[in-house]
Amino acid sequence: MKPLGEFEVWFLTGSQDLYGDDVLRQVAENSKAIAAGLDGSESIPVNIVWKPVVKNPEAILAACVEASSSDKCVGVITWCHTFSPAKMWIAGLQALTKPLLHLHTQFNRDLPWTEIDMDFMNLNQAAHGDREFAHIEARLGLARKTVAGHWQEASVQQRVGTWTRAACGLWEAKHLRVARFGDNMRNVAVTEGDKVSYQMAFGVAVNGFSVSDLGDAVLAVPIARVNELVAEYEKTYSVVPSLLAGGKDRESMLEAARIEIALRDFMVAGGFGALTDTFENLDGLKQLPGIAAQRLQAEGYGFGPEGDWKTAAMVRIVKVMSKGLPGGTSLMEDYTYHLDPKDQKILGAHMLEVCPTISDKKPNVEIHPLGIGGKADPVRLVFDAGTGPALVVNIMDMGDRFRILANEIDLVPPNKAMDKLPVGRAVWKPRPSLSTSAECWLTAGGSHHTCLTRAVDIEAITDFAEMTGVELLVIGADTTVSGFKKEVRWNEAYYHLARGLR
Ligand code: MN
């Protein structure tokens, strides 16, 4: 089974009736071979499904309507083996509601220099068939990704695969329900937003639930299930002595396990993919969910603290996109800096709720006081993130639209062990430098909360932004403050105009 094998991407080849049966038979055979080649690629996590070659407007429209109405189909790849006059595609492309990738390739990699004749040229003419097709894509103003190169090239398959991951992320967004326990942290601006506009832009449904109902569910968890989960903690992690049987804090770990069980039951029963809580609304809970939020994330759920539903959803969407890839994805928060001019770094963490999938080592289970929230000491997993390239991503509500902001970063080891900081910790060097990254991040109005991922790179987020039509600003190795500021200004104008009058 492929990592995202429950999903399909349809491979649609354009041609026209006038070529005659022999050529069209060859077109069908070749396009089948390409679809099979992509389907067999290790870089592509979904099923690539070949569809019969479309040769006239009726067949094109029917294929696009069928793709749009199939819930398994997350996107469509188009390619024109031959010429396929593009006015034939207008109705179909207007009806298509799925993400579109235009694969500009040809069946043969090499030109048969000494053998080539006019028949060969007529059969293998993507070089101009795809130009005709792309003209109508441009004329219709379609959001799409264009990938050019031979279909057997690893880099081409990789880019197609990344796009299929983004398409699965979009599918997930359109099916995602976020459960909120309590509201946003009072007076905080960046975690707020218009949930109706958000659902219109991404499809995600965000709704609130009572924390006291959760508290009642916690009380009702049978002890046998609690003991079973605690045994799993002891098997999976290194548990500090005070939490082990007979230890003075044992009851706190049982309580943490009760909270985890009640939360998971709630998520499963309601079909939720992400959740938020906040330390300001904890009626009925004895401790702020720590290990519960961490382990639910490790299972694939999204999480946002302080009511941050946009981050919760982003964590879930990226976890779906990156299924089967190494590295992990977590809620993250920019916390504090190391500002040595020769060694500038960011320390990211949270009060409790960082996901252990971003670590390469076995976490500890520990209990420590939490100064905020006025509740009992919470149990949490403690670890350092692994090292290497990663990405922090944030979605914010700018009032009239949403903005996605991402920074390419390099996770590095801490300079010294941080034994007195008992949380999930990540240290990184943002690209291109801390000062440029921070100046750009602040210019864009980005949040302190992010989704940190080691599993997908910026291309997946770029593809996702393209599919949703939402602004994306990227801070990377080549970013300059002056260039970034201009991009922000230009985008303000572009998105204002693109939205039009309503
Ligand atoms: Mn926070």
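Visitor: What makes this chain a chain of domains, and which are they?
Guide: The domain assignment gives domain 1 (8-174) and domain 2 (176-499), with bounds that come from an automatic or database domain assignment. Their C-alpha centres lie 37 Å apart. Contact means heavy atoms within 4.5 Å, and by that rule 16 residues of domain 1 are in contact with 18 residues of domain 2. Please keep in mind that this is a predicted model: local features need pLDDT of at least 70, side-chain atom pairs count only at pLDDT 80 or more, and totals for chains, interfaces and linings use all residues. Residues are numbered from 1 along each chain as its sequence is written, and side-chain values use heavy atoms, with hydrogens and water left out.

Visitor: Why is M118 called exposed?
Guide: Exposed means over 50% relative accessible area, buried means under 20%, and partly exposed is in between (1.4 Å probe, protein chains only). M118 has 54% relative accessibility, so it counts as exposed. You will find M118 in helix α4 (residues 118-123); helices (H or I, at least four residues) and strands (E, at least two) are DSSP runs, numbered from the N terminus.

Visitor: And why is I223 called partly exposed?
Guide: I223 has a relative accessible area of 48%, so the label is partly exposed. I223 belongs to helix α9, and its C-alpha atom is separated by 8.7 Å from that of L254, 31 residues apart along the chain.

Visitor: How do you know that the span of α9 agrees with its number of residues?
Guide: The expected span is 1.5 Å times one less than the number of residues. For the 14 residues of α9 (residues 223-236) that should be 20 Å, and the end C-alpha atoms are 20 Å apart, so the two agree.

Visitor: Why is α11 called largely enclosed?
Guide: Seven of its nine residues are buried, so the rest of the structure largely encloses α11. Among them are I291, Q294 and R295. After α11 comes G300, whose phi is positive, near 120°.

Visitor: What makes a set of residues a nonpolar core?
Guide: The members are buried Ala, Val, Leu, Ile, Met, Phe, Trp, Tyr and Cys residues joined through side-chain atoms within 4.5 Å. The largest such core has 66 residues, and L263, I291 and W428 are among those with the most contacts inside it. Its largest share, nine residues, comes from α10. Apart from it lies another core, of 59 residues, including F7 and C451.

Visitor: Are E306 and E333 buried or exposed?
Guide: E306 has a relative accessible area of 7%, so it is buried. E333, at 8% relative accessibility, counts as buried too.
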